[in-house]
Amino acid sequence: MTAQPLLSVEEVSASYGAVRALDGVSLTVPAKGVCAVLGANGAGKTTLLRTLTGLHPATSGRVLLDGEDITRLPAEKVITRGLAHVPEGGGVIVELTVEENLRLGGLWRSDRRDKSTLNEVLELFPPLAQRRGKSASTLSGGERQMLAIGRALMARPKVLLLDEPSLGLAPLITEQIFTLLRDLRDRTGLTVVLVEQNAAGALAVTDTGFVLNQGRVVAEGPSSDLLSDDRTRHAYLGF
Amino acid sequence: MDHFINLTLNGLASGATYAALALSLVIIYQATRLVNFAQPALALIAVYTAYTVTQLTGSYWIGFAAALTAGLVSGALVERFIVRPIARTSQLNAIIVTLGLLLVIQGLVGVIWGNEQHGFGYAFSYVGRFSPANMFALVSVGAVALLLFALYRFTPLGLRMRAAAFHPEAARLSGVKVGLMLTAGWAIASGIGALAGMLAGPPFISPNVFDVVFVYGITAAVIGGLDNPFGAVLGGMLIGLGMSYVSGYAGPELATLTALAIVVVVLSVRPDGILSRPTARKV
């Protein structure tokens, strides 16, 4: 099948001053794909996501979303094209209530008065529904991650980028969140890009994987292949 | 007892002015972590604009509207064209620049309108136990505080502004134009500053007319908690009442000392101000 990929990253480079963080990264994600981006600390995973959503400028290369070039769009515009980004740690605004955080995610939409998206998200995350009026600072780590994902879903994105959702969470909670992402894909056709250090967990729930090392893609393929490829695992994934 | 009630009412009225000034500082501080020392200068522009417009049209209220408009516009312009380019490089530089702006604007106002005092009539009488002027100060600041609360709490614009203030990056990822929200915040803050100026300035205005009032305004903001609008109102009222009681019972020469005493006491008990948020943000 050679359908056009939904998200396509072409030779993207980015740097912090003189330090090159991304060095010609190319990857494609098909519609309804769940894809993992793996690598050690400092491999460029977070920079890749930040560059995709316009939080960090690309020095060269292109990012195409559904055929549209979004490389130079500012972050606040990228979301309106259908690319949502849950940053590392979630980026939940603890000074706001749970519901305000969620509403914020869909505020740019012209149909923001429509409550159906909010209700769907609350249904998806029962703990959030129970505390919708409470301050987001009262949530546990796992619940905050749910809130961050929920807020991104409020924008009804085509592609959801997640930066280390498992960070600091108990393994059981991590598994719940991974499973939820898969279910979302199966039910709604959401495309997911999962950046993870927890390679084993991420490869278990994704279709394809990319391994970054020092700003380059050093391995890619179906997740099951990456899992069984001992050399890649030992060299870059550390398990 | 009568004396006490008089002092209370007068204290509340002058406290309202300090509260408005404190609010204008707090709105900007909570969004940008920047104390806008140019705030009295912006109020000065607003009040002198009102003075000129009132003279030309003969109507105090057209002048009043002109003052608020001048406040809104000057705040937006200062944020967009002076503070933002500098704040990108260093926060401290931006604060110093607002200080510089204060001196420059005070000088310019002196050049344009003259350094001597101008009489600027007030729409309300100062006469009486709780004068119409006092009443107007209390009611207008109360209304502004309520409107501000409603804006923040109940409108999409307010939610965007709060998100942009608390977590700019998360706000951007949710589609909020953070720069625009900052400009809006400065505009609103300076509009409120202009109101404070219209309350504090008359009956005589001169380029340094707000120097003392501004000190009390900043004091109110600090004791209330620089990042809490409710704190600004509370702080303003505390300063207003405290100074009114002390000058009434002990003598007006102690009024300034009272403000200092309130600061010392409050900050020794609550170093971040009465209503500041105790939570430290994890980064």
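In this predicted model, helix 1 of chain B and helix 5 of chain B cross in a left-handed way. Helix 1 of chain B covers residues 2-32 and helix 5 of chain B covers residues 132-154; their axes come within 8 Å and cross at roughly 40 degrees. That angle makes helix 1 of chain B oblique to helix 5 of chain B.

From helix 1 of chain B, the residues taking part include Leu9(B), Leu12(B), Ala16(B) and Leu23(B). Facing them from helix 5 of chain B are, among others, Ala137(B), Val141(B), Val144(B) and Leu148(B). Sorted by class, the residues of this contact divide into 13 nonpolar, 3 polar and no charged.

Helix 5 of chain B also packs against helix 6 of chain B, with axes that come within 5 Å and cross at roughly 80 degrees. These two helices are therefore roughly perpendicular to each other. Leu151(B), Tyr152(B), Arg153(B) and Phe154(B) in helix 5 of chain B meet residues of helix 6 of chain B, including Leu157(B) and Met161(B). Gly158(B) and Arg162(B) of helix 6 of chain B also belong to this contact. Its classes are 5 nonpolar, 1 polar and 2 charged residues.

**Where the chains touch**

How many residues does each chain give to the contact between chain A and chain B? Chain B gives 16 residues and chain A gives 21 residues. On the chain B side, helix 6 (156-166) and helix 7 (168-173) each supply at least two residues. Helix 6 of chain B gives the largest share of that side, with 6 residues. The side of chain B that touches chain A has 7 nonpolar, 4 polar and 5 charged residues.

**Two sheets in chain A**

Now for the strands. One open sheet in chain A has 6 strands in the order 6-7-8-3-9-10, and its pairing is mixed. Its edges are strand 6 (83-86) and strand 10 (216-222) of chain A; each has a single partner strand, so one side of each is left without a neighbour in the sheet. On average, neighbouring strands of this sheet are turned by 15 degrees against each other, direction ignored.

Of its 6 residues, 5 are buried, so strand 9 of chain A is largely enclosed by the rest of the structure. Strand 9 of chain A pairs with strand 3 of chain A in the parallel sense, and Cys35(A) stands opposite Thr208(A) of strand 9. With strand 10 of chain A, strand 9 of chain A pairs in the antiparallel sense, and there Val211(A) has Ala219(A) as its bridge partner. The hairpin of strand 9 and strand 10 of chain A has 2 residues between the strands, and Gln214(A) in this hairpin takes a positive phi near 45 degrees.

Another open sheet in chain A has 4 strands in the order 2-1-4-5, with antiparallel pairing. Strand 2 (19-29) and strand 5 (68-69) of chain A are at its edges; each has a single partner strand, so one side of each lacks a neighbour in the sheet. Leu64(A) has Asp69(A), in strand 5 of chain A, as its bridge partner. Helix 1 (residues 45-52) of chain A packs on this sheet, touching strand 1 (7-16), strand 2 and strand 4 of chain A. The direction of this helix makes about 70 degrees with that of strand 2 of chain A.

| Strand pair | Sense | Bridges |
|---|---|---|
| Strand 3 (34-38) and strand 9 of chain A | parallel | 4 bridges |
| Strand 9 (208-213) and strand 10 of chain A | antiparallel | 6 bridges |
| Strand 4 (60-65) and strand 5 of chain A | antiparallel | 2 bridges |

**A glycine in a loop**

Finally, consider Gly133(A), which is found in the loop between helix 5 (126-130) and helix 6 (141-153) of chain A. Is Gly133(A) buried or exposed? Gly133(A) has 9 C-beta neighbours inside 10 Å; an exposed residue is one with 12 or fewer, so Gly133(A) counts as exposed. Beyond its neighbours within four places in sequence, Gly133(A) is in contact with Thr97(A) and Glu99(A). Gly133(A) and Val98(A) are 35 residues apart in sequence, while their C-alpha atoms are 6.2 Å apart in space.

Note on methods:
Residues numbered from 1 in each chain as written. Chains lettered and ligands numbered in written order. Predicted model: local features only at pLDDT ≥ 70, side-chain atom pairs only at ≥ 80, totals over all residues. Contact = placed C-beta atoms within 7 Å. Nonpolar A, V, L, I, M, F, W, Y, C, P; charged D, E, K, R; others polar. Pairing = 2+ DSSP bridges. Axes fitted to C-alpha atoms, helices over the stretch in contact; angles between N-to-C directions. Buried ≥ 20, exposed ≤ 12 C-beta atoms within 10 Å, placed from the backbone. Parallel < 35°, antiparallel > 145°, perpendicular 65-115°, else oblique. Left-handed = near helix turned anticlockwise from the far one by under 90°.
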